[in-house]
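Subject: Structure for you to look at

Hello,

Here is the structure I said I would pass on. Please open it next to this message, and then read the notes below.

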Amino acid sequence: MLTLSPAPHIHCGDTVKGKMLDVVIALIPAYLVALYFFGFGALCVSLISIASCLLFEFLIQKFILKGENTLGNLSALVTGVLLSFNLPSNLPWWIVIIGALVAIGVGKMTFGGLGNNPFNPALVGRVFLLISFPAQMTTWPRPIPMNLSFNYFDAETGATILSSIKEGTDVSSLPSYLDMLFGQIGGSFGEVSALALIIGGIYLLCRRTISWHIPVSILVTVFVFTGVIFACDSITLSPFTFTPSTTYADPIVHLLSGGLLLGAFFMATDYVTSPMSHKGQIIYGIGIGLITSVIRLWGSYPEGMSFAILIMNAATPIINNYVKPKRFGEKIKVSKA
């Protein structure tokens, strides 16, 4: 089909490859922090994930779909990086490969490749592994500065902040905000440093690779919702006193811990699986924030970001159908003389 339109014709210069490259560049700060704290384990998991995603997309495209090679658009590279960022740094290599196969083979290529997938491929792989291998996916190595150990399978492990809260740990004994900012906490190796992820998110916003609507609506929703619950558990009306809750973490902890920042800036903003209009993106972001908060506070899983994004991915077609961009022009009524 050849689409004709009147002049002038302006090309903005944006390409899929360029946008994907921006995402990779934005993830470099978080990756450097992961290498600093998790060392050889983070390096191995990331390389295996990236290589597997690239290989599976090449094989499926060539021998099953029998189409042109699509590795050049870098989308498989981004999927591999994001999948690895959602994994523990001591995850066995064969589980990483299974996750890559599900992410590319089921989450992406089953629907026809980039542009056709209804769900974020990296999250499809991550959630599949979480359900299939819960023990391995919830065993978190402790961060060790300048970690040069090659025996990453036997690394000392511990609980994450969110899992500690879920287990009933007094929230006053949680790591400090500075530890959360710089990455001195356990978790998936790509999500531990809030500061590095914020730097990457600002880069994407400055490059206009993403808009503010989705990440801001997610973060504000989580902050407000968890803040209300924290305040309600902290305030005594008669007599009026404020004693910080020991059951519910304050909203800043929720913002800086878990996969919230990684998901808000790098995964929920996926062009293919998120709404097209700005109003739709805000609704989408609020939905992700609410579902994440509810799962974190009262669900059986300590983290809810992955599930929330996939659920709202499924709601994207409905949002696009009912929240549409304004059309050019305006209908006017012509009165009869």
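A polar contact is a pair of N or O atoms within 3.5 Å; within protein, one atom must be able to donate a hydrogen and the other to accept it, and residues adjacent in sequence count only if both atoms are side-chain atoms. Helices are DSSP runs of H or I with at least four residues, strands are runs of E with at least two, and both are numbered from the N terminus. The model is predicted, with local features needing pLDDT of at least 70 and side-chain atom pairs counting only at pLDDT 80 or more, while totals for chains, interfaces and linings use all residues. Residues are numbered from 1 along each chain as its sequence is written, and side-chain values use heavy atoms, leaving out hydrogens and water.

Helix α4

Asparagine 120 caps the N-terminal end of α4, with a side-chain oxygen 3.1 Å from the backbone nitrogen of alanine 122. The expected span of a helix is 1.5 Å times one less than its number of residues. Helix α4 has 12 residues (121–132) and should therefore span 16 Å; its end C-alpha atoms are 17 Å apart, which agrees.

Some accessibility terms are needed next: buried means under 20% relative accessible area, exposed means over 50%, and partly exposed is in between (1.4 Å probe, protein chains only). Of the 12 residues of α4, 9 are buried, so the helix counts as mostly covered. Among them are Pro121, Gly125, Arg126 and Leu130. What covers them? The cover includes α2 (75–85), α3 (93–106), α5 (134–137), α11 (260–267) and α13 (305–322). Contact here means heavy atoms within 4.5 Å.

Helix α3

Helix α3 has 14 residues and reaches 19 Å from its first C-alpha to its last, close to the 20 Å expected at 1.5 Å a residue. Its buried residues include Ile95, Val96, Gly99 and Ile104. The buried residues of α3 pack against α1, α2, α4 and α5.

Salt bridges

A salt bridge is a side-chain nitrogen of Lys or Arg within 4 Å of a carboxyl oxygen of Asp or Glu. How many salt bridges does this rule give? The count comes to 3.

One of them joins the side chains of aspartate 22 and arginine 207, at 3.3 Å from N to O. Aspartate 22 lies in helix α1 (residues 16–64) and arginine 207 in the loop between α8 (194–206) and α9 (213–234), so this pair ties together parts that are 185 residues apart in sequence. Aspartate 22 has a relative accessible area of 5%, so it is buried.

Another is between glutamate 57 and lysine 108, at 2.7 Å from N to O. Glutamate 57 lies in helix α1 and lysine 108 in the loop between α3 and α4, so the pair ties together parts that are 51 residues apart in sequence. Both glutamate 57 and lysine 108 are buried.

Glutamate 303 and arginine 296 also meet in a salt bridge, at 3.0 Å from N to O. Glutamate 303 counts as buried because its relative accessibility is 14%, and arginine 296 counts as buried at 6%.

The nonpolar core

A nonpolar core is a set of buried Ala, Val, Leu, Ile, Met, Phe, Trp, Tyr and Cys residues joined through side-chain atoms within 4.5 Å. The largest one has 79 residues, of which Phe266 and Ile288 touch the most other members. The largest share of this core, 15 residues, comes from α1. Leaving aside neighbours within four places in sequence, isoleucine 288 is in contact with Ile218, Ala268, Met305, Ala308, Ile309 and Met312.

Serine 274 lies in the loop between α11 and α12 (278–298). Is serine 274 buried or exposed? It is buried, because its relative accessible area is 5%. Its side chain reaches the backbone oxygen of aspartate 270 at 2.6 Å.

Isoleucine 319 is found in helix α13 and is buried, with a relative accessible area of 9%. Isoleucine 319 and proline 275 are 44 residues apart in sequence, yet 6.6 Å apart in space, C-alpha to C-alpha. Not counting residues up to four places away in sequence, isoleucine 319 touches Pro275, Gly280, Ile283, Tyr284 and Met312.

Cysteines

A disulfide is taken as a pair of cysteine sulfur atoms within 2.5 Å, and the count comes to 0. Cysteine 206 counts as exposed at 62% relative accessibility, and cysteine 232 is exposed at 58%.

Regards
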